[in-house]
Amino acid sequence: MNLDDTIVAIATPAGRGGIGVVRLAGAESKVIAGRMLHLAGGRALEAGRALFGELLEIESGERIDEVVATWFAAPHSYTTDEIVEISCHGSPVVLRRVVEMAMAQGARLAEPGEFTQRAFLHGRLDLTQAEAVRDLIDSQTVYQAKVAARQLKGSLSHALLPVKEKLVALIARLEAGIDFAEDDVAVMAAEEILAAMEEVRATLRGLEASFAFGKVVHEGLTLAIVGRPNVGKSSLFNQLVERERAIVTALPGTTRDLVIETVALGGIPVRIVDTAGIREALEREREGERERERLDEAEHIGIRKSMEALADADLVLVVLDAGAGLTGVDRELLADVANRAAIVVYNKMDLNQADLGERGELPAAAHLPVVRTSALTGEGIAELRAEILRTVRGSAAQDGGAMLTNLRQQGQVQASLAALSAAASSVQNAVPHEMVLLDLYNGLRALDELTGATTADDILNLIFSTFCIGK
């Protein structure tokens, strides 16, 4: 990729709209744009000002459209290059013609993500900020956009800065102790080295822990509603999606297939799956008996899909009938989710206002949170939504703080922690400081790769290839 090229691309989504923007970036962008524009009053492009004018065919001077052109002078632009943005009416034909004329004048069609990649390579953004640009474009909720905006502002980079400074200071002291030992430079004691390492590791462990929630914010989560027939799963599903999405009848086993809807809970995209009721026959099937004769084929397939949804879900709602004792299927489901993220929902509280007594005991999953609801009246639904968010967020307060949002970021933090753990082990085993330094440099290098200071070109190309053209 030649950074000296002038590049051009349509910067707005494909399709028709009121406005469409073509972006040029590079040393020749102002010259190329000047050949196809006639600005009002014969004015020339002015840095930082949007000027009205006409888009003309370069050869014939024939008018194509009315436009607004803005020139961003280097280095005060998104990429730090000279940039011209031409806002036309959003006709795909007109936008393509602008690109064609720019290319005829020497511009090159931009690669996916090339504008942002130039911003990174020119030091305008670090790699975590560049990834935040993509996250901001892909955001489906306002909360996702706010998290991406914090990352774009550098929240993760700022959180890493003191960590890297402490690590560099430790490396410098160890290097000095080795290089200037003859000058009576004090060698750090093992306890002091371990204490300095632990400060760095503690911060990195906190960042690593943030990935569980950051991944959910970035990708959303899948929530499966499971339980026996006629416990109110579909009614609960309709309450959560706030519309009559699933069919509800008094007849048990109405739902035969998975019903799926995506909603935003607390700004997090949640894919809610309503499943078929799981009958007692399933227990016998798992023991090897042939009970399919009692189940029609559609219901059997529905139960199998329910179990698959249960296995694939990030969070499970196990729905129980508040007025009935625990059945074998109830106990089996509770045992299945005992070591997973799950919430127990006692439904139909409108019919069963009495204390649950022994029926409220959950020996298979006593540690799970319990919410009591009435899908018919809406009682407890707000508490259920709040409990879902508490379960997803975990004990750590993530709002406003830096967090890891993708596997690449998590991998680099884990690599740094592994290197620091190796260094700590070496110190405890009285290994020479020269060897300890190798591990410390590996830990620092992993953090540099996180922000992009030492990232290989093939990794950069992979990251930016996932961007859209024009950004």
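Begin by selecting helix α15 in this predicted model, residues 433–451, and colour its buried positions, which are H433, V436, L437, D439, L440, G443, L444, A446, L447, D448, L450 and T451. The end C-alpha atoms of α15 are 27 Å apart, which agrees with the 27 Å that its 19 residues should span at 1.5 Å a residue. Just after α15, G452 takes a positive phi of about 100°.

Because D448 lies in α15 and K164 in helix α6 (residues 155–179), the pair ties together parts that are 284 residues apart in sequence. Both D448 and K164 are buried.

Next, select R108 and D5, whose side chains form a salt bridge at 2.8 Å, N to O. R108 is in strand β7 (residues 108–109) and D5 in the segment before β1 (7–10), so this pair ties together parts 103 residues apart in sequence. R108 is partly exposed at 23% relative accessibility, and D5 is partly exposed at 25%.

Finally, display helices α9 (residues 233–241) and α13 (residues 381–393), whose axes come within 11 Å and cross at roughly 75°, which makes α9 roughly perpendicular to α13. Their contact is made by L236, Q239 and L240 of α9 together with I381, L384 and R385 of α13; by class, four of these residues are nonpolar, one is polar and one is charged.

Terms used:
Residues are numbered from 1 along each chain as its sequence is written. This is a predicted model: local features need pLDDT of at least 70, side-chain atom pairs count only at pLDDT 80 or more; totals for chains, interfaces and linings use all residues. Side-chain values use heavy atoms; hydrogens and water are left out. Axes are lines fitted to C-alpha atoms, for helices over the stretch in contact, and angles run from 0 to 180 degrees between N-to-C directions. Helices (H or I, at least four residues) and strands (E, at least two) are DSSP runs, numbered from the N terminus. Angles under 35 degrees count as roughly parallel, over 145 as roughly antiparallel, 65 to 115 as roughly perpendicular and the rest as oblique. Contact means heavy atoms within 4.5 Å. Ala, Val, Leu, Ile, Met, Phe, Trp, Tyr, Cys and Pro count as nonpolar, Asp, Glu, Lys and Arg as charged, and the others, Gly among them, as polar. The expected span of a helix is 1.5 Å times one less than its number of residues. Buried means under 20% relative accessible area, exposed over 50%, partly exposed in between (1.4 Å probe, protein chains only). A salt bridge is a side-chain nitrogen of Lys or Arg within 4 Å of a carboxyl oxygen of Asp or Glu.
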